Structure formats: C-alpha cells, structure tokens
Amino acid sequence: MELNIKNKTGPVIPKEFMGLFIEDINYAIDGGLHAEMIENRDFESMDVFGGDGMDYYARYDGLYAWDTCGIAKDETACPDKQIRLDLVQASPVNENSPHYLRAAASSGGFGFCNQAYDGIYMKPDLCYTIVFYARRVKHDGKLTVALLKDGAVVLEIKTELKKPDQSGWNRWEKYELQVSSAREIRGASFAVLFDQPGILEFDHFSMMPADALFGVFRKDLAELLKDLHPGFLRFPGGCIVEGATLSNRYRFQDTLGNREARRHNWNRWALHGNDESNAYHSRYSHYGQTYGIGFYEYFLLCEYLGAKPLPVLGVGLACQFQSHERIEPDDARIYEYIQDYLDLIAFANAGVDTKWGALRAKMGHEEPFGLEMIGVGNEQWEDADSRFFERYVLFEKEIHRHYPKIRLIGTAGPELASDRFCEAWRFYQKHERQENFVYAVDEHCYSKPEWFLGHLDYFDQVSRKTKIFFGEYAAHPMGWMPMNRPEGNNLEGALAEAAFLTGMAGNSDVVVMTCYAPLFARIGYAQWNPDLIWFDEKEAYRTPNYYVQQMFAQNMGDYNISIEKKPFPCQVSYDQKEKELIVKIVNISDQNKEIRLSFDHQWKRLGESATEIILTGEHLADYNGIGAETVRPVQRKITLMDGAYDIAPYTFAVLRIPAAAD
C-alpha cells in the first residue's frame with residue numbers, strides 16, 4: 001500500500017485540539033485528585049436514595065465513614081460502651097457546615113476513627129499535615145492522633161488541648177500537627193483517642209501529604225494530567241453540573257472561600273445503578289462533594305497544565321436523564337442562573353478593584369485567569385418541556401451583552417445522529433450569520449470500536465461554518481458492561497480511538513477541540529468505564545487509551561499535510577519548529593502491513609532516518625494494571641529506505657520524518 005504525501009498545506013491544528021474533561025465521577029475528585037485523605041471530613045455526609053419515577057431524597061448520615069474505636073489494655077472492653085458519638089448543631093465552626101461531632105469518653109484509650117476510603121496510605125519519610133478543630137466541653141487531658149491497623153497503633157502523636165480564654169469560654173481552636181513515618185503505611189484507619197474521660201467537640205478534619213500540588217492536588221495524578229499536554233480543561237462536568245435535582249446542582253459560589261466555608265453537596269453519581277433490585281439505594285449512596293477542589297482550584301490546575309479553562313454551568317435544567325425539574329425560561333428566577341455565568345466570568349477575569357476580582361485575589365491569585373470560553377449547559381436537548389433553544393438564546397444574549405468576546409460552547413445532546421441531535425444542529429446553523437452566537441457545539445459519542453472504525457470519514461462532509469467540540473468520547477470494547485472492569489480499557493478500544501482521531505485531526509478546520517471521557521476512576525469505586533486513568537490510594541496507571549491521547553498531543557504538528565488517498569487510518573501534519581513531517585498510522589488488523597511512503601518532489605528529505613513511536617500488543621484484549629503497564633509506547637530511530645515502512649499488527653505508529661518543503 002502506498003501513502004502519497006502531497007506538498008499541500010491543509011487545515012491548521014489548534015493548540016487546544018487535544019484537551020481534558022474532568023468530572024467528579026468514579027471518585028475522581030473526592031477520593032482521587034483531591035489529596036484529602038479523610039473521608040466525610042466535615043460530618044455532613046448524605047445517604048442518597050431514589051430514582052423510581054425520578055423521585056430522589058437524601059437522608060443526613062453525618063457519621064458515615066466514622067466509628068468508635070479503642071486501644072485500651074482491657075481487650076474485652078467495647079468501644080461503643082466507652083465512647084459516645086453525637087452529631088449536634090448549635091455553634092459550628094462555619095454555618096455552611098452546621099453539624100459537628102460531640103464525643104463523650106467514659107475512660108481513656110477510646111475515641112473515634114475514620115475509614116479513609118480504603119485506609120490511610122503514607123509514603124516513607126514524607127510529611128503529612130493533620131488539621132482539625134476541637135473545643136473543650138469537659139476535659140483536662142491530652143489527645144492522641146493515631147493510625148490504627150489490625151487493632152494496633154502504627155503511628156501516633158500526642159497534643160495538648162488549648163486552655164479556655166480569660167473569660168472561661170471554650171472556643172473552637174484549630175490544631176495542626178505534622179507526622180511522618182520511616183516505613184510505608186497502608187490500609188490504616190485515622191483515629192483520635194482520649195487519654196482520660198471527658199467530653200470534646202470536633203469539626204473539619206484533614207490529612208494532606210506535603211507533596212500535594214498547591215496543597216490540594218494529589219501529586220501523581222496531577223502529573224499524569226500534565227504529561228498529556230492538554231490544550232484545555234473542561235470542568236467540573238458533566239451531569240453533576242446540572243444535578244439530579246436543581247438543589248443538587250454544582251453551584252459555583254459554594255466552591256469558593258476557605259475549606260470550612262464550602263457547603264457539602266451530595267453527588268449526582270451517588271444514584272448511579274439505582275433500580276428495583278437494590279431498592280433504589282446503591283453501594284455509592286454516600287458519594288459526596290466537599291468542594292475541596294472548586295472553581296478556583298480548577299483554574300489553578302489549568303495554569304499548572306498550561307491548558308485553557310473551559311468551565312461549564314447549568315441553564316436551569318436538572319439532568320434531563322434523571323429529572324423533570326426546571327426553571328422556565330420566562331420565569332424571573334432564570335436570571336439567577338444567568339448571573340452565575342456573569343459572576344464566574346468576573347471572578348476569572350475582573351480586576352482586583354471589583355467584588356469578584358478582590359475575592360480571587362484574597363484566595364491567592366491577583367492576576368486574572370484569562371477565561372476565553374464557557375460552556376452553556378451539558379448534554380441538553382430540545383423538547384416541549386426543556387425549551388432549551390429558547391434558553392440558549394436568552395443566555396447568549398445576556399452573557400454577550402456584558403462580555404461580547406467570550407466564546408460560548410453549545411450542546412447537541414448526549415448522542416450522535418438522533419432526531420434531537422439533528423434538530424440541535426439546525427438550530428445553531430440557523431444562527432450562523434449572527435456573530436459569535438456559538439463558537440463550537442459539543443458532541444458526545446460512546447460506542448463500540450466497530451463504530452469508530454466505520455466512521456473515519458465522519459467529519460469529512462460536515463458544514464465548515466459552525467465548529468465542533470467533540471467533548472466526550474470513548475470506545476467501549478465490552479459494551480455497557482458492569483462497572484469496575486479495568487479490562488475494558490484494552491488495546492482494541494485504544495486503537496479504534498487512535499483511528500478516529502486521525503479523522504478528527506485531519507478535519508481540524510471544523511473539529512477544533514476533543515477530549516476523552518471519563519478521565520479518572522478509583523479502583524473499586526467506579527460507576528462508569530472505560531476510563532483514561534485508574535488509581536488506588538497508593539498509585540495510578542496509564543491505560544492504552546491514555547497513551548493514544550499522549551502520543552497525539554506530543555505529536556500534533558502545526559498544520560495538516562494533504563494525502564492523495566487514505567488506504568488505511570492515517571493523518572499527516574508538519575512541525576515547523578522541528579522541520580519534521582509527522583505521520584500517524586493505525587493497523588488494527590492481525591496482519592503486518594507493508595507501506596511505501598511517497599513524497600511530492602517539492603519535499604526535501606533530510607536524510608533517511610526517522611523517529612518511530614509505536615503502541616502495540618500481542619492481543620486486542622491486552623490492557624494495563626497497577627504495576628503492569630504492558631501496553632506502552634516504545635520509541636526508536638529507524639531508517640526509511642525508499643520510504644518503505646512495515647507496521648505490525650495491532651499497532652498505532654507515529655513517524656517523525658525530517659523534511660523541508662522547497
């Protein structure tokens with residue numbers, strides 16, 4: 001087979017073509033990227049039920065993840081009889097978290113502990129900061145903060161309780177302790193133990209590693225994101241933006257300020273998998289959001305990644321998959337939702353002499369974040385109830401009245417080629433003559449590898465006027481399988497995605513941004529898969545799909561180079577700085593393919609050598625795991641004699657060929 005590379009410039013490839021989409025699904029944020037190790041740190045957890053007839057309710061369960069414990073010498077003593085735990089309200093540390101813990105011990109050596117997801121993990125010789133608030137009620141002794149495993153203390157630190165002030169008032173006091181361990185600790189519970197009988201109150205626990213990026217992000221997970229070289233980051237969702245109910249939606253304002261002021265919210269994904277068989281109460285029913293990572297932190301993450309921020313907000317519709325709740329577009333309350341957009345843009349971009357700019361500066365960032373685009377809704381579609389098109393027109397008008405240069409991202413619903421998808425495109429195309437009505441329309445696609453391989457030319461014939469943001473996609477080799485199946489991220493799906501990406505990148509004049517979804521999954525806590533990065537409390541691993549994304553991002557080129565015909569999935573671009581042609585080829589068959597690369601006479605080859613980067617495996621079902629990344633890229637120098645190149649079965653190859661055009 002011959003691949004003829006023309007000396008003809010094709011579409012420019014936008015710097016933000018390859019990006020990331022992050023949502024708190026699969027315990028991606030709380031329990032994942034948020035480096036916080038304590039679960040339900042503020043005693044505000046909810047137990048969420050429902051789904052039958054779109055009826056949902058949340059029951060307060062503030063002691064979730066907490067329990068009584070003890071290390072008394074008398075092993076027959078029962079902690080439940082020696083320590084009483086009550087959740088109370090009266091004078092909290094912050095009114096946004098109204099509940100706090102009142103612990104009454106009848107003897108020393110007893111206290112309470114936190115399960116910390118799969119248990120506390122500590123790296124050897126790394127410092128960890130423990131923070132909590134405590135208040136005396138009736139206690140004159142010391143406290144021991146400890147890690148317990150199999151009933152034994154594996155680490156402890158004692159602290160004196162602060163004395164009442166001169167008036168005798170036992171105020172809330174903040175305690176900050178530093179701990180480290182000479183050896184690795186894994187699977188431990190976090191415990192607070194009394195040294196003698198007494199009554200104390202507690203709130204807002206935290207345990208964070210010293211290597212947390214910005215004191216917030218889990219270091220290894222953040223670095224994996226940086227290694228993907230994303231051009232943008234879409235956040236914070238996804239369906240959680242809308243909420244299963246309007247009161248459950250992701251509120252921008254609730255994520256600002258210090259951690260004590262951030263109001264707990266239950267997670268829409270806590271409902272996933274609810275049905276009659278489990279009485280509409282899933283194993284993830286306590287999945288919550290502490291907002292330890294909020295909009296401010298997402299903007300910081302964008303700066304760290306070198307990615308443009310793409311926040312998404314709701315439009316007065318709860319998740320259309322799960323709810324009928326809505327604020328009508330002609331209801332005056334809709335302007336509260338519009339104001340959220342205006343306030344968010346001001347928070348990101350306004351000067352420090354404004355309300356929102358001053359708050360940003362107070363949180364630690366005087367300079368504006370340089371927000372250029374924002375998503376208007378997530379996976380919304382038009383029907384008689386939603387009136388989404390009417391909403392979009394209203395939001396667009398009000399946003400651009402205040403911020404005419406902000407680029408808006410529209411939505412075409414949750415799938416391709418449906419009636420509602422086509423109706424959405426007719427709506428946006430009707431407004432194509434209106435300047436800046438929509439920058440790009442968000443399209444989503446989750447399907448089997450066969451679909452992606454069968455639609456490599458999907459974007460060849462679409463209209464070039466309104467741009468496309470292919471904002472959620474993934475190949476599902478095992479279909480809509482039961483969750484927590486990391487083997488779904490296999491080589492077959494990754495190669496199908498690589499092949500489809502060659503088609504998207506080749507049409508970069510209309511497909512301006514792309515991102516895989518979902519991004520993260522904690523092993524044993526996933527509501528959805530496949531996922532790009534899997535992790536546990538200790539480490540993470542890159543899937544074959546991750547490496548496809550990385551290989552594309554690291555080998556983008558500045559613009560496309562025309563190909564006479566495409567006998568197989570491929571794309572060619574040019575890197576002006578390195579003076580290299582970048583050839584991407586996918587072979588998903590079980591046969592070796594012999595390819596001859598031919599070049600128009602205007603191309604001046606700078607030698608016969610080239611750099612080859614390949615992702616391959618012995619079987620399409622190959623996948624990676626913790627400590628076992630068997631499918632990963634290999635790079636080497638090769639010689640292309642007369643342009644001859646053999647690509648092995650089940651392989652995605654990137655060739656960087658030194659060349660210059662006459």
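Guide: Tyrosine 280 is placed in the loop between β17 and β18 (288-289); strands and helices are DSSP runs numbered from the N terminus, of at least two residues (E) and at least four (H or I) respectively. The model is predicted: local features need pLDDT of at least 70 and side-chain atom pairs pLDDT 80 or more, while totals for chains, interfaces and linings use all residues. Residues are numbered from 1 along each chain as its sequence is written, and side-chain values use heavy atoms, without hydrogens or water.

Visitor: Why is tyrosine 280 called partly exposed?

Guide: Its relative accessible area is 22%. Buried means under 20% and exposed over 50%, with partly exposed in between (1.4 Å probe, protein chains only), so tyrosine 280 is partly exposed. Its phi is near 55 degrees, a positive value in a residue other than glycine.

Visitor: What makes glutamate 379 count as buried?

Guide: Glutamate 379 has 8% relative accessibility and therefore counts as buried. This residue, in the loop between β20 (373-376) and α7, also has a positive phi, of about 50 degrees, although it is not a glycine.

Visitor: How do you know that cysteine 239 is buried?

Guide: Its relative accessibility is 8%, and therefore cysteine 239 counts as buried. Cysteine 239 lies in helix α3 (residues 239-242). Leaving out residues up to four places away in sequence, cysteine 239 touches Glu23, Arg268, Trp269, Cys319, Asn378 and Glu379, where contact means heavy atoms within 4.5 Å.

Visitor: Which peptide bond is cis, with omega near -5 degrees?

Guide: The bond from phenylalanine 235 to proline 236. Proline 236 belongs to the loop between β16 (232-235) and α3. A cis bond also joins alanine 517 and proline 518, with omega about -10 degrees.

Visitor: Why are α4 and α5 called oblique to each other?

Guide: Helix α4 (residues 295-305) and helix α5 (residues 334-349) pack at about 45 degrees, their axes 11 Å apart. The axes are lines fitted to C-alpha atoms over the stretch in contact, and angles run from 0 to 180 degrees between N-to-C directions. Under 35 degrees is roughly parallel, over 145 roughly antiparallel, 65 to 115 roughly perpendicular, and the rest oblique. The two helices are therefore oblique. Phe295, Tyr296 and Phe299 of α4 meet Leu344, Phe347 and Ala348 of α5.

Visitor: Where do α7 and α8 touch, and by which residues?

Guide: Phe388, Phe389, Tyr392 and Val393 of α7 contact Glu423, Ala424, Phe427 and Tyr428 of α8. Helix α7 (residues 388-402) and helix α8 (residues 419-430) pack at about 30 degrees, with axes 11 Å apart.

Visitor: How do you know on which side of α6 its buried residues lie?

Guide: The buried residues of α6 (residues 355-362) are Trp356, Gly357 and Arg360. They cover an arc of only 100 degrees around the axis and therefore lie on the same side of α6; the arc is that of the directions from the helix axis to the C-beta atoms. These buried residues pack against α4 and α5. The face turned away carries the exposed Lys355 and Lys362. Just after α6, glycine 364 takes a positive phi of about 120 degrees.

Visitor: What makes asparagine 265 count as buried?

Guide: At 8% relative accessibility, asparagine 265 counts as buried. Asparagine 265 is found in strand β17 (residues 265-266), and the residues it touches include Asn248, Arg249 and Tyr291.
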